[in-house]
Structures are given as structure tokens and as C-alpha cells.
Amino acid sequence: MKKVVLTGIKPTGTLHIGNYFGAITQAIRLSQDYDARYFIADYHALNTVKDPRILAQDIRGVAAGWLAAGLDPERVIFYRQSAIPETFELTTMLMAFTAKGLMNRAHAYKAAVQENVEQNRDPDAGINMGLYTYPVLMAADILLFDADIVPVGRDQTQHIEMTQDIAHTVNTCYAEEILRIPQPFFREETAVIPGLDGRKMSKSYGNAIPLFASEQALKKLIMRIPTNSQTVEEPKDPATSSIYQLYRYFATAEEQQTLAARYRAGGMGWGHAKEELYAVVNRLLKPLRERYTDIIADTVRIDSILAEGAEKARPIAIATVRRLRKAAGID
Ligand code: ADP
Ligand code: TRP
């Protein structure tokens, strides 16, 4: 029996380079050796996206992004979280095994509370129960499908650890291996992709390079990367330059050496470094963008791929829920 790889992405905006290198490309590579189950976490997105048109659009956008990046729906079970009602049945059961204190310690919830405190607001202002119980829903996504590994960026490791914790509690309670314990999976080099400002690239920081931006938009973004006031003549340090840090993900080893040497030698201005970055980024993104444009134009096909995926996914989900209900005495 092959091991199972599973991951999900929330449709909360357009995909960016961080999602691509941190999660999508790894997941696609892993789908060659594992039984792969990848999904669009649309109920997770509902916590923050309340405009129905935007949510519907982002669900298809993220799906088209996965397909453009090379996900093969013949090989991967590809579905929407919302099409698997067992997710929500399992969530309710897992709630009974999840310590409230565990949720209090979740990074995303804590950050939202801290932000409120800093702004002199009520600590719970604007925090819905969906955000508070987010890790339980995510645990259900993972445990439902017997995942062995979950490829994600480093920011998600706490959620996977909480999933392990909840699964252990269930298994210990019934003295049986009912739920499979998953492991987070990421490569050190791509665990945290930096954004245009050097911080972690994230939709919420406004520092992201969208995967499918037009050439014009891409160029504009790159030209706007903030730089220091060093003159053209001055030697520059590649290690502290966000332009160079991003360049590494797109350039060959030889290209990286060449640009690093030019940085150190002096005589190269920031504008030039940005041109070099644009060239390698666009080299990778151009074919992706073209595939995306074709795929997103055919929403009927996207919807039918996701519906077929849900059909393959449900029997697995039903079996997990049945196992737990039986163990729990709710048969
Ligand atoms: P964002 O932080 O932009 O909202 P998401 O939370 O939707 O991104 O992330 C979707 C997936 O992409 C997750 O597996 C996440 O860990 C990964 N990811 C997001 N940003 C990065 C990044 N800068 N570096 C590496 N992986 C990332
Ligand atoms: N929490 C993940 C994120 O913010 C998305 C997600 C939801 C997920 N359920 C998952 C990732 C299950 C991996 C496995 O990016």
C-alpha cells in the first residue's frame, strides 16, 4: 500500500510564489510516489471571505492554479472541502477530544488577540468561532483521509502538531489506531519564501508576487522592491538583498554565482539587479500564466474535475467516520 500525501489551500485570494514553492510544487512532485489527495479549503476561507462572488471566483482560481502548475486529476484525488460532508461530521466528533486550551495556544488566534490588545480593542473583537476552532477543522481534513504526510510551509507546522495531538487523544481513548498520525513535510530551502520586502511572502502582508500576474504587473512589482541608497559603484551584499534572495528560487546555480559576483564587484545598480530578477521570474511564470489563462476560461471543466474528485474522495471519508462512530458507540 502506498503512503498518503494530503494538502489543502484556502481560496482567499490569488496564489503567489510562496504558495507555489512552499506547497504546490512539492505536493505535485510527491504525487508521483504517494496516493495524493489535494483540496480547496473553501470552508476555511469562509472565515474571512464574505463576498460570495469573490469566494466563488477564488475557489476556481485556486483550482485552476493547481491544474496549471501540473496537478494531474487522473493521479491526484482533487476536490473541494465543502463537497465532503463527512469533514464536518468528523469535526464535531474531534471537538469532543480537543482541549480548549490547545485552541487558545494556536498562533493565528493568538496573533489576532494580540493585535486587538495592541489597538486597545476588546481582545475578541472581530474573532469568529471559525478562526478559533480552525485547527479542529484542519485536523478533520487531514485525519479523514489517512494522511501520512502533509506538505505545507513552515507556518502550518503548529496545525499539524495539533492534529497529531487530537488524533493521539482519540486513539488513546479507544485503545485502537483509529486515526493515522500525520507528519508535516517541507524542504528547508522552501519552508519560508521571502516576499518583496524580505519578510515571509504572504497575501496578508501585501508583499507577494502573484503567480499569474501579467508581464506588465510583474515588472511593476519587481521595480518597486525597496532598496537602500547605495550607489551604482558600491559593492553590494547579496545575502542582505531581498532581490537576490528571491532570485535564488528562479535562477540556475551558475546564474546565481554570476549575479552574486556582480553584486560584490560593484558597478551594478539596483535597477539592473531588478531587471535580472524580472527576467528569471518571467521565464518560469510565462508558461504557467498561459496554461492558467486557458484553464480558467473553462469553468465547466474545472467544476467537473472537482466533482469527480469528490466522488472518489467520499468513500474514504465515509470509512473513517464509520470507524470512529463505531468505536465511540454511535453506530
Ligand atoms: P498566505 O500566507 O499568503 O495567506 P496561505 O496561508 O494560503 O498563504 O498558504 C497556502 C500554503 O502555502 C500553505 O501550505 C502555506 O504554508 C504555504 N505558504 C504560504 N506562504 C508561504 C511562504 N512565504 N513560504 C513557504 N510556504 C508558504
Ligand atoms: N491551514 C492551511 C493554510 O492556511 C490550509 C489548510 C486547511 C490545510 N486544511 C488543510 C493544509 C489540511 C494542509 C492540510 O494554508
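The largest nonpolar core of this predicted model has 63 residues, and Ile 17, Tyr 38, Trp 66, Phe 78 and Leu 277 have the most contacts inside it. A nonpolar core is a set of buried Ala, Val, Leu, Ile, Met, Phe, Trp, Tyr and Cys residues joined through side-chain atoms within 4.5 Å; buried means under 20% relative accessible area, exposed over 50%, and partly exposed in between (1.4 Å probe, protein chains only). Helix 13 supplies the largest share of this core, 10 residues. Helices (H or I, at least four residues) and strands (E, at least two) are DSSP runs, numbered from the N terminus. A second, separate core of 43 residues includes Phe 97, Val 113, Met 162 and Leu 324.

Helix 10 spans residues 215-223, and its Leu 218, Leu 221 and Ile 222 are buried. These buried residues line one face of the helix, because they fall within an arc of 95 degrees seen down its axis, the arc being that of the directions from the helix axis to the C-beta atoms. Gln 216 and Lys 220, on the other side of helix 10, are exposed. Helix 13 (270-296) is included in what covers the buried residues, where contact means heavy atoms within 4.5 Å.

Most residues other than glycine have a negative phi. Asp 146, although not a glycine, has a positive phi of about 55 degrees. Asp 146 is found in the loop between helix 8 (134-143) and strand 4 (149-151), and is buried, with a relative accessible area of 14%.

Residues are numbered from 1 along each chain as its sequence is written. Local features need pLDDT of at least 70, and side-chain atom pairs count only at pLDDT 80 or more.

Notes:
Chains are lettered from A and ligands numbered from 1 in the order in which they are written. Side-chain values use heavy atoms; hydrogens and water are left out.
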